[in-house]
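Please look through the model shown below before reading the numbered points. They follow the chain from its overall form to single residues.

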Amino acid sequence: MVASQIHLWTAVLAVLSFITPQAAVAATPVDPSLCHCYLTNGTTGRYFANHKFFDFRNIANPRVPAAIDDRNGATNAPVTNAYFDSTNWTSTWAIQNWVGGSPDASVWQTYSKNDIYIESNTDPNPASRTYLTLRTHRHPAGDFQSSAEFDSVSPNYQYLSLRMYARTRGSAGAVAAMFTYRGGATDADVQEADMEILTKEPANAVHYTNQPSQVGGEARPNATVEVGVPGSWSDWRVHRYDWTPGSSDWYVDGEKVASIQFQAPRDPATLIFNTWSDGGSWSGVMASGNSATMQVQWIELIYNNTAEPSRFSHCANVCTLDVGTQPGVPALLSSGP
């Protein structure tokens, strides 16, 4: 598809977002290949060209790897499961292994592939056989913290509905996050929308921010909000971020909990999931020998991407992921010529 066609289809989607489709008699599960676009059910419904679903509920050979108590060994560790070498994973995600932390970090931190793994679900009456885990661990030997992060391979996501079915557990002193990120030459140029859970805080407290929340030491209070969400983030919840032009909207189990328009992201971005700690003022200091984890059963992307245009010249078959009971299974919402 040439550039002019890409821009045309982008414009078509923008126009479609203000049109009410001709509803089908009933929403019917459909082969994803038949979906021409996707309509979300947020406060303002939006149309998107693409959909991906990553299901971690039945992955072979689950295991919890022992922590690697050597700084170099942790940084350079291999992946923990063959799934992370599969095309299904590597076509979209890349596990990070780099050293760094916040400006006031008091603990040396490395991101390690060893801290992302597939774990057996041992819940009573489990809803899945396995799930993906991101771990941050304070190592007594070597006095350091290893953390977990994976990023999207593409930095070109521009507007989306990003969902994960997840919970966060473990010791105080960790941050579990889901966000979009676009770097800049200065802090003021960064475009980031994030959800952050701090394990040192009450189990219903969640921070939502359109970064930067401060520039040059001056706070930007309109950029961020702390919300007491329904229930607890230590339980399985669907966390959802809807990024649309001019707004960041956040949901928990379908209930809208935050909406921030101030400095909402504008330009194409990378998607990031991480769990980390570096002893700084934001995460706090984790006790030696302790860990915290974010556990994820599935991730869903309903999105536009400037490098991944639609395969269709127009949206005849409108699908939804917001009707029905099976995560990741689209339903036909409306159909036309």
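1. A residue is called buried when its relative accessible area is under 20%, exposed when it is over 50%, and partly exposed in between, with a 1.4 Å probe and protein chains only. By this rule Val 285, at 52% relative accessibility, counts as exposed.

2. Some remarks on the source are needed. This is a predicted model, in which local features need pLDDT of at least 70 and side-chain atom pairs count only at pLDDT 80 or more, while totals for chains, interfaces and linings use all residues. Residues are numbered from 1 along each chain as its sequence is written, and side-chain values use heavy atoms, with hydrogens and water left out.

3. How many helices and strands does the protein have? There are 3 helices and 23 strands; these are DSSP runs, numbered from the N terminus, with helices being H or I of at least four residues and strands being E of at least two. The radius of gyration is 20 Å, close to the 20 Å that the globule rule gives for 337 residues, so the protein is as compact as a globular protein of that length. The radius is taken over C-alpha atoms, and the globule rule is 2.2 Å times the number of residues to the power 0.38. Along the principal axes, the C-alpha atoms fill a box of roughly 65 × 50 × 40 Å.

4. Of the 337 residues in the protein, 51% are buried. The protein exposes about 14400 Å², of which carbon and sulfur atoms supply 53%; such areas come from the Shrake-Rupley method with a 1.4 Å probe, and for residues only the protein chains shown count as cover. A contact means heavy atoms within 4.5 Å. Among contacts between residues at least 6 apart in sequence, 71% join residues at least 24 apart.

5. Val 285 may now be placed in the fold. Val 285 lies in the loop between strand S20 (270-276) and strand S21 (291-305). Ser 106 is 179 residues away from Val 285 in sequence, yet the two are 8.0 Å apart in space, C-alpha to C-alpha. Leaving aside neighbours within four places in sequence, Val 285 is in contact with Ser 106, Arg 138, Ala 172, Gly 173 and Gly 279.

6. The charges come next. Side chains of opposite charge can pair when their charged atoms come close. A salt bridge is a side-chain nitrogen of Lys or Arg within 4 Å of a carboxyl oxygen of Asp or Glu, and the structure holds 10 of them. In one of these, Arg 57 pairs with Asp 55, the closest N and O atoms being 2.7 Å apart. Arg 57 is partly exposed, with a relative accessible area of 22%, and Asp 55 is also partly exposed, at 31%.

7. Asp 249 forms a salt bridge with Lys 256, and here the closest N and O atoms are 3.3 Å apart. In this pair Asp 249 is buried at 9%, whereas Lys 256 is partly exposed at 34%. Shared partners join Arg 163, Arg 240, Asp 242, Glu 300 and Asp 322 into one network of salt bridges.

8. Some backbone details deserve a check. The peptide bond from Gln 211 to Pro 212 is cis, with omega near 5 degrees. Pro 212 lies in the loop between strand S13 (205-211) and strand S14 (214-215). Gln 263 touches both Gln 211 and Pro 212, and also Asn 210, Arg 220 and Ala 223, not counting residues up to four places away in sequence. Gln 263 itself is in the loop between strand S19 (255-260) and S20, and is partly exposed at 22%.

9. Which residues have a positive phi without being glycine? Asn 125 is one of them, with phi of about 50 degrees, and Asp 143 is another, with phi near 45 degrees. Asn 125 is found in the loop between strand S7 (116-120) and strand S8 (130-139) and is exposed, with a relative accessible area of 78%. Asp 143 is found in the loop between S8 and strand S9 (144-152) and counts as partly exposed at 44%.
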